[in-house]
Amino acid sequence: MNDLFTPMKLGQLDLKNRIWMAPLTRSRATVDRVPTPMMTQHYVQRASAGLIIAEATNVALRSNAWDCSPGIFTSEQIEAWRSLVTAVHLAGGTIALQLWHGGRVASDSRDQPDPPLSPSGVNDNIDAITVWGTDESGVFRKKAACPSRAMTLAEVEETIAAFGRAAKAAYEVGFDGVQLHAANGYLPHQFLSPYLNKRTDAYGGSPQGRAQFALQAMRAMIAEFPAGRVGMRISPFTTFNGALDPDPVPTYRYLVDELAKEGMGWLELADTNFWAGQFDRDQMLSLTRPVFDGPIIANGGIDPETAQQLIANGSIDAVSFGRLWMANPDLPARIVAGGPFHKAITKRFYGGGPDGYNDYPTLAQEGLVS
Ligand SMILES: Cc1cc2nc3c(=O)[nH]c(=O)nc-3n(C[C@H](O)[C@H](O)[C@H](O)COP(=O)(O)O)c2cc1C
């Protein structure tokens with residue numbers, strides 16, 4: 001019987017435990033989206049995770065969801081990632097990168113004046129979008145999203161290619177894996193949603209058509225990175241950021257089935273509706289388990305005890321924790337010790353310095369172990 005501490009395989013990688021770190025945007029990169037030493041320290045502190053999935057990282061200039069979120073499309077960004085990954089490896093960690101395009105999730109403090117890109121320029125539920133940025137007085141806060149416009153076919157194809165380039169750069173700097181962020185209402189999810197995707201070309205019009213963007217982006221990534229170490233994050237039932245779908249099953253079944261045939265390494269199920277008190281884990285598992293026999297990772301509102309049970313009964317292969325990792329840099333040791341577990345400080349989630357980011361103590365720093 002497996003538990004949170006049973007090692008697991010991911011492609012050729014040996015992971016030391018099943019306590020993964022979920023991707024967490026903290027907006028501590030520079031305004032030019034260059035990863036900072038503060039970020040290196042953050043991930044080094046968390047090197048005891050089975051796999052760190054580093055935060056959502058922009059694959060192109062036109063992906064500019066949140067200010068100070070990192071990118072991996074300029075040489076300066078790429079070199080900063082190289083030193084971050086090297087430091088995490090030296091600390092004994094294993095680290096993947098989440099590749100991101102915000103699509104219509106973008107505010108007015110954007111890198112360029114052209115409107116944000118989305119599958120069809122649907123803007124009637126723009127108030128549903130959550131986006132953070134720096135205001136005129138330099139304060140980092142939630143902002144209004146600005147209206148997007150429909151992507152041309154050439155822009156769709158160029159954006160797919162950007163995911164491939166980002167995966168190539170991630171491989172070259174030594175990341176152990178890459179993950180497509182197809183959850184939480186960002187661009188791949190926008191394509192999957194019949195509410196936001198009204199396209200009549202090959203990228204819309206049917207479940208198969210709506211799945212094409214995520215599928216082609218994954219194929220572009222797998223062309224650059226060993227498939228067994230490429231994963232995808234989905235949240236088919238979430239209403240977050242307004243990527244609505246009254247019946248996601250046919251689209252996601254087709255998508256995951258196709259990706260299983262490509263040898264995709266893992267699938268992470270983000271239970272984003274749990275924030276509103278509705279757990280979708282069981283329906284996400286019934287949707288994906290029949291078509292995906294690789295590792296399935298559950299995320300969202302899961303405590304260590306429930307995680308142990310889900311792994312022990314074979315429902316899932318690993319758990320990714322978000323807020324528990326934010327506030328407990330030595331999370332596996334704390335699980336062994338039975339706690340105590342600190343709570344993440346909500347107002348320090350996004351932006352600013354190392355406080356509320358790198359100053360959560362370990363058990364040893366608290367004098368709770370010798
Ligand atoms: C501050 C913050 C930043 C987040 N950033 C990301 C992100 O970059 N990519 C992503 O897929 N999910 C992101 N999420 C969602 C988390 O990965 C995770 O799904 C959520 O925290 C629920 O898991 P938990 O209950 O273990 O915290 C973020 C959540 C929070 C609170």
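## Helix H3

Helix H3 spans residues 153–172, 20 residues in total, and extends 29 Å from its first C-alpha to its last, close to the 28 Å expected at 1.5 Å a residue. The expected span is 1.5 Å times one less than the number of residues. Helices (H or I, at least four residues) and strands (E, at least two) are DSSP runs, numbered from the N terminus. This is a predicted model, in which local features need pLDDT of at least 70, side-chain atom pairs count only at pLDDT 80 or more, and totals for chains, interfaces and linings use all residues. Residues are numbered from 1 along each chain as its sequence is written.

The buried residues of H3 are Val 156, Thr 159, Ile 160, Ala 162, Phe 163, Gly 164, Ala 166, Ala 167, Ala 169 and Ala 170. A residue is buried if 20 or more other C-beta atoms lie within 10 Å of its own, exposed if 12 or fewer, and partly exposed in between, with C-beta atoms placed from the backbone. An α-helix has 3.6 residues a turn, so residues three or four places apart point the same way. The cover over the buried residues of H3 includes helix H2 (75–90), strand E5 (95–100), strand E10 (177–182) and helix H5 (207–222). After H3 comes Gly 174, with a positive phi near 105°.

## Nonpolar core

The largest nonpolar core has 101 residues, of which Phe 163, Ala 214, Met 218, Met 221 and Val 319 touch the most other members. H5 gives the most to this core, namely 9 residues. Such a core is a set of buried Ala, Val, Leu, Ile, Met, Phe, Trp, Tyr and Cys residues joined through C-beta atoms within 7 Å.

Beyond its neighbours within four places in sequence, Phe 163 is in contact with Val 59, Leu 99, Leu 180, Ala 217, Ala 220 and Met 221. Contact requires that the C-beta atoms of two residues, placed from the backbone, lie within 7 Å.

His 101 lies in the loop between E5 and strand E6 (117–118). His 101 is buried, because 27 other C-beta atoms lie within 10 Å. Not counting residues up to four places away in sequence, His 101 touches Val 59, Ala 60, Ser 63, Thr 159, Tyr 186 and Leu 187. Its C-alpha atom is separated by 7.6 Å from that of Pro 188, 87 residues apart along the chain.

In helix H1 (residues 37–45), the buried residues are Met 39, Thr 40, His 42, Tyr 43 and Val 44. E4, H2 and E5 are among the elements that cover them.

## Ligand shell

Of the 20 residues around the ligand, Ala 22, Thr 25, Ala 56, Gly 322 and Arg 323 come nearest. Strand E4 (52–58) and helix H9 (323–327) are the elements that give two or more residues to this shell.

By class, the shell has 9 nonpolar, 8 polar and 3 charged residues. Ala, Val, Leu, Ile, Met, Phe, Trp, Tyr, Cys and Pro count as nonpolar, Asp, Glu, Lys and Arg as charged, and the others, Gly among them, as polar.

## Overall fold

The protein chain contains 10 helices and 14 strands. Of its 370 residues, 50% count as buried. Among contacts between residues at least 6 apart in sequence, 76% join residues at least 24 apart.

Technical notes
A residue is near a molecule or strand if its C-beta atom, placed from the backbone, lies within 6 Å of it.
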